[in-house]
Structures are given as structure tokens and as C-alpha cells.
Amino acid sequence: MTETLRQRHFEKLAKIINRGTGRAVQGFQEIIGESQPYWLEKNGIDVNTLQLNAGNYGVVEQEFTGLLNGKVLVLFTAENVQCILQKMLGDEMDAQGLNDIESEAMGELGNIMVNAGLSAIADSLHVLLESTVTCYKQYSNDTIVTLIQQESNVDSILVTHVNLMISGTALLGGKLIMLLNNEFNQEITEKIELSAT
């Protein structure tokens, strides 16, 4: 973490991002048609200490630019992806059918989640954030960690643990990871200071 990324600003930004994650999860709940509660827990960590232990993940990735630049990763364990797809698409679809449309369905779900989250952050900071089209991939936990650690311009990382409920079943192990690529210049620092957290 650079000297310009002061702890106070980091903590305020973490609250804003956590609120954005809440909006993202609400978007998920609306699509799935579930009204059960969800739980969020945020923490800022060093990229070199990131650990994942769920084996394989379905990963939605989207980059964003503006006063904040970076990348958002939405991670669901492989088991949870199957549960989500079953809920979205119905019990009548077999495993092969689910696999055939997994990328499209999860990409669309992730797109809605990420855009809802980025919109909440942009609204809080009164900035414009532009984002790329989402990309959905399947990765092992080790591959995800390696890819993140290889990001040469990551200034800081925030991880929000997202636990969801579908039909009374807890989906544990979900994560929203935000990689910030730029130091806090004066303009974004002022935006964070003026934001209501």
C-alpha cells in the first residue's frame, strides 16, 4: 500500500465499496427471486497475502476507469455456480444444458452485479466510472491468486466476502474482489472526504 493511500481514506473507500457490494448483492437477489438475507464482511489486504481455498471458482471480471481505475472480480465456488444456474434456469435443465449456457448466464448475472456495485460507488463519490464488458472464466484458486499477484499496477485490494441464500441453502465462499490500480490523487481523496459514509 503506498504512502499516498492513507489508512483513513482507505477505510472510508472500503465502506463505500462495501455499500456498493450490498447493491450488487441486491441485484443478484432480484434475479434469483430470493428474499433471504445476505451477509457482508469487508477487509483490505495486501495482494501478496491473498488466499483462496475453495478449489475452483467461476469468475466474472470487469475493468473500470475514471478517477478510480481497476478491476472487479466476482467469485463463486464451482458448486455454487451450479446451484445458481439451477435456480435461474429451472430444474428441468440437465447438467449438459447448464454447462452449455454457464458462461452466458453467469456473465450476465455478474454484469448486473458489478454494474450495480460500480454505480453505487460512482454515486457516493459523484464521479463517472466507465466499465468494460464482463468476462466469465473458470479458474482454480491458485490461478486466481497468481493472476492477481501478476497485476503489475495494483495499488491496493479490497475483498468482500459474500454469503448468499438460495432456497434455504447457504452459498458460502463467494467473494467480490476490487483491485485499485492508481494511487489516491488529491481529487479522489477530496471526493472520498466529501462522501457520506
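Colleague: Which residue stands opposite S131 in β4?
Modeller: F64 does. This is a predicted model, where local features need pLDDT of at least 70, side-chain atom pairs count only at pLDDT 80 or more, and totals for chains, interfaces and linings use all residues. Residues are numbered from 1 along each chain as its sequence is written, and side-chain values use heavy atoms, with hydrogens and water left out.

Colleague: How many bridges join β2 to β4?
Modeller: 2 bridges, and the strands run antiparallel. Strand β4 covers residues 130–131. Two strands pair if DSSP finds at least two bridges between them. Strands are DSSP runs of E with at least two residues, helices are runs of H or I with at least four, and both are numbered from the N terminus.

Colleague: And β2 with β5, how many bridges there?
Modeller: That antiparallel pairing has 6 bridges. β2 is residues 56–65 and β5 is residues 135–140. V60 stands opposite Y136 in β5.

Colleague: What about β2 and β3?
Modeller: They are antiparallel too, over 8 bridges. β3 spans residues 70–77. Y57 stands opposite T77 in β3. The hairpin of β2 and β3 has 4 residues between the strands, and G66 there takes a positive phi near 150 degrees.

Colleague: Which side chains meet in a salt bridge?
Modeller: E61 and K71 do, at 3.4 Å, N to O. A salt bridge puts a side-chain nitrogen of Lys or Arg within 4 Å of a carboxyl oxygen of Asp or Glu. E61 is in β2 and K71 in β3, so the pair ties together parts 10 residues apart in sequence. The whole structure has 3 salt bridges.

Colleague: New topic, helices. At what angle do α1 and α2 pack?
Modeller: About 50 degrees, with the axes 9 Å apart. α2 is residues 78–89. Axes are lines fitted to C-alpha atoms, for helices over the stretch in contact, and angles run from 0 to 180 degrees between N-to-C directions. That makes α1 oblique to α2. Under 35 degrees counts as roughly parallel, over 145 as roughly antiparallel, 65 to 115 as roughly perpendicular, and the rest as oblique.

Colleague: Which residues make the contact?
Modeller: F28, I31 and I32 of α1, with I84, K87 and M88 of α2. Contact means heavy atoms within 4.5 Å.

Colleague: And how do α1 and α5 cross?
Modeller: At roughly 60 degrees, with axes that come within 10 Å. α1 is residues 7–32 and α5 is residues 186–194. The two are therefore oblique to each other. R8, H9, K12 and L13 of α1 touch T189, I192 and E193 of α5.
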